[in-house]
Amino acid sequence: MNVFSRDQNAVTADIFTRDLYYMKMALDEAESALLSGEIPVGAVMTLGERVVGRGANRRAADNMPFAHAEMRAISDAGRALSRWRFDECTLYVTLEPCAMCAGAVMETRIPRVVFGARDPRRGAAGSLYDMLRDPRIPHKCEVKGGIMAEESSVLLGKFFALRRDPARRKGLV
């Protein structure tokens, strides 16, 4: 047996376990958005093993069109780290970033994005667009989608079921 392949498998398993851990935190943020009546999207930004930013969708609560979970987590990280460049950070988000949030990822130099559910209508990390991996753009970003996608989709489904039938609210949340 090749020792390198065993070590590489261990590294891959560690990364996957870490991705699940932080995606669960992002799901907690999404659940708080759902409880607030917002579209349930949550995000967590990490620097190594440390959470440096968190965010839940708050567009309706703040009457702010830019209050997406990713934008809030990035802003939170900026305050925590006292900087705007995040060359060593990872952004975890429960829904594939839109074009605005993908632009923020590129502008802040985030090298890695992990997301849950795909967004075929607005996704800019591989579904509708692939801004984060566009070879014409100098910023290079690793994108990993589908982590805890089912759990993310279930939360989104609960929100949209509520919008269709508010009488079901108590049973869904």
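A residue counts as buried when its relative accessible area is under 20%. In this predicted model, buried residues make up 44% of the 173 residues in the chain.

**Whole chain**

Start with the cartoon view of the whole chain. It holds 6 helices and 5 strands. Follow them from the N terminus, and the elements run α-β-β-α-α-β-α-β-β-α-α. Contacts can be sorted by how far apart their residues lie in the sequence. Of the contacts with a separation of 6 or more, 58% are between residues 24 or more positions apart.

**The sheet**

Now select the strands. Strands of a sheet pair through backbone hydrogen bonds, either parallel or antiparallel. Here the 5 strands form an open sheet in the order β2-β1-β3-β4-β5, with mixed pairing. Which strands stand at the edges? They are β2 and β5 (142–144); each has a single partner strand, so one side of each is left without a neighbour in the sheet. From one strand to the next, the twist averages 15°.

Zoom in on β1 (42–47) and β2 (50–56). These two strands run antiparallel and are joined by 6 bridges. Together β1 and β2 form a hairpin with 2 residues between them. Gly 48 sits in the turn and has a positive phi of about 65°.

Val 113 has Val 143 in β5 as its bridge partner.

**Tyr 22**

Select Tyr 22, which is in helix α1 (residues 3–35). Is Tyr 22 buried or exposed? At 2% relative accessibility, Tyr 22 is buried, because that value is under the 20% cut-off. Show what lies around the side chain: leaving out residues up to four places away in sequence, Tyr 22 touches Val 44, Thr 46, Gly 48, Glu 49, Arg 50, Val 51 and Tyr 92. Gly 48, the turn residue of the hairpin, is among these contacts. Arg 50 is another of them; Tyr 22 and Arg 50 are 28 residues apart in sequence, yet their C-alpha atoms are 10.0 Å apart in space.

**Helix α3**

Select residues 69–81, which are helix α3. At 1.5 Å a residue, the 13 residues of α3 should span 18 Å, and the end C-alpha atoms are 18 Å apart, which agrees. The helix lies across β1, β2 and β3, running at about 140° to β2.

Colour the buried residues of α3: Ala 69, Glu 70, Ala 73, Ile 74, Ala 77, Gly 78 and Leu 81. What do the buried residues of α3 pack against? They pack against β1, β2, β3 (89–95) and α4 (99–107). Step just past the end of α3 to Ser 82, which takes a positive phi of about 55°.

**Cysteines**

Last, select Cys 89 and Cys 141. Cys 89 is buried, at 1% relative accessibility. Cys 141 is also buried, with a relative accessible area of 9%. A disulfide is a covalent bond between the sulfur atoms of two cysteines. How many disulfides does a search of the whole structure find? It finds 0.

How values were computed. Residues numbered from 1 in each chain as written. Predicted model: local features only at pLDDT ≥ 70, side-chain atom pairs only at ≥ 80, totals over all residues. Heavy atoms only, no water. Disulfide = S-S within 2.5 Å. Buried < 20%, exposed > 50% of the residue type's maximum accessible area, 1.4 Å probe, protein only. Helix = DSSP H or I, 4+ residues; strand = E, 2+ residues; numbered from the N terminus. Contact = heavy atoms within 4.5 Å. Expected span 1.5 Å × (residues − 1). Pairing = 2+ DSSP bridges. Axes fitted to C-alpha atoms, helices over the stretch in contact; angles between N-to-C directions.
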